[in-house]
Amino acid sequence: MINYFDDEDKRHWPWRAVQVWQILVSKAVNKQLMTYGELANILGFEGARVLAHPLGHIAVYCKKNGLPPLTSLVVNVGGSPGDGFPDKEKYSPLDEARFRVFTLEWYKIVPPTAEEYAELGSGFEKAN
């Protein structure tokens, strides 16, 4: 049976993070950036604001596991990560962070599960 996401149900955000991880790893391997709008369109979202939770899950996972910030590949139309991008000061210039993302062998890493993301959180739980 096919299941569909109900993005009103916040319990789905970890599952959406699983999808976003796959998209971003593909971008990393191909050394590409993408806009929040492009990512939102792929996922069928009406706007990019809802990306904070899935991207937050990935950012938290990367930080806790010593991985470069995979979410640095998602940018606004000006080419910069959004205000929610963690550790902006740590990754200055941002090119250093992206170099680390582009050179890591992401497909050697077993992707995180929705359960792992749920356990770690997105960093936005208190705000919602």
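Author: Read from the N terminus, the elements of the protein chain follow the order α-β-α-α-β-α-α. That amounts to 5 helices and 2 strands, where helices (H or I, at least four residues) and strands (E, at least two) are DSSP runs numbered from the N terminus. This is a predicted model, in which local features need pLDDT of at least 70, side-chain atom pairs count only at pLDDT 80 or more, and totals for chains, interfaces and linings use all residues. Residues are numbered from 1 along each chain as its sequence is written, and side-chain values use heavy atoms, with hydrogens and water left out.

Reader: How many degrees separate the axes of helix 1 and helix 2 where they cross?

Author: Two packed helices are described by the angle between their axes and the distance between the axes. Axes are lines fitted to C-alpha atoms, for helices over the stretch in contact, and angles run from 0 to 180 degrees between N-to-C directions. Here the axes of helix 1 (residues 13-29) and helix 2 (residues 36-43) come within 11 Å and cross at roughly 120 degrees. The two helices are therefore oblique to each other; angles under 35 degrees count as roughly parallel, over 145 as roughly antiparallel, 65 to 115 as roughly perpendicular and the rest as oblique.

Reader: Which residues make the contact?

Author: Contact means heavy atoms within 4.5 Å. Helix 1 contributes Arg16, Gln19, Val20 and Ile23, and helix 2 contributes Leu39, Ile42 and Leu43.

Reader: Which residues of helix 4 are buried?

Author: Buried means under 20% relative accessible area, exposed over 50%, and partly exposed in between (1.4 Å probe, protein chains only). In helix 4 (residues 94-103), Leu94, Ala97, Arg98, Val101 and Phe102 are buried. Seen down the axis of helix 4, these residues fall within an arc of 135 degrees, so they line one face of the helix; the arc is that of the directions from the helix axis to the C-beta atoms. They pack against helix 1 and strand 2 (74-75). Asp95 and Phe99 are exposed, on the face of helix 4 turned away from its buried side.

Reader: What does lysine 27 touch?

Author: Lysine 27 belongs to helix 1 and counts as partly exposed, at 21% relative accessibility. Not counting residues up to four places away in sequence, lysine 27 touches Gln32, Met34, Leu73 and Phe102. The C-alpha atoms of lysine 27 and phenylalanine 102 are separated by 8.6 Å, although the two residues are 75 residues apart along the chain.
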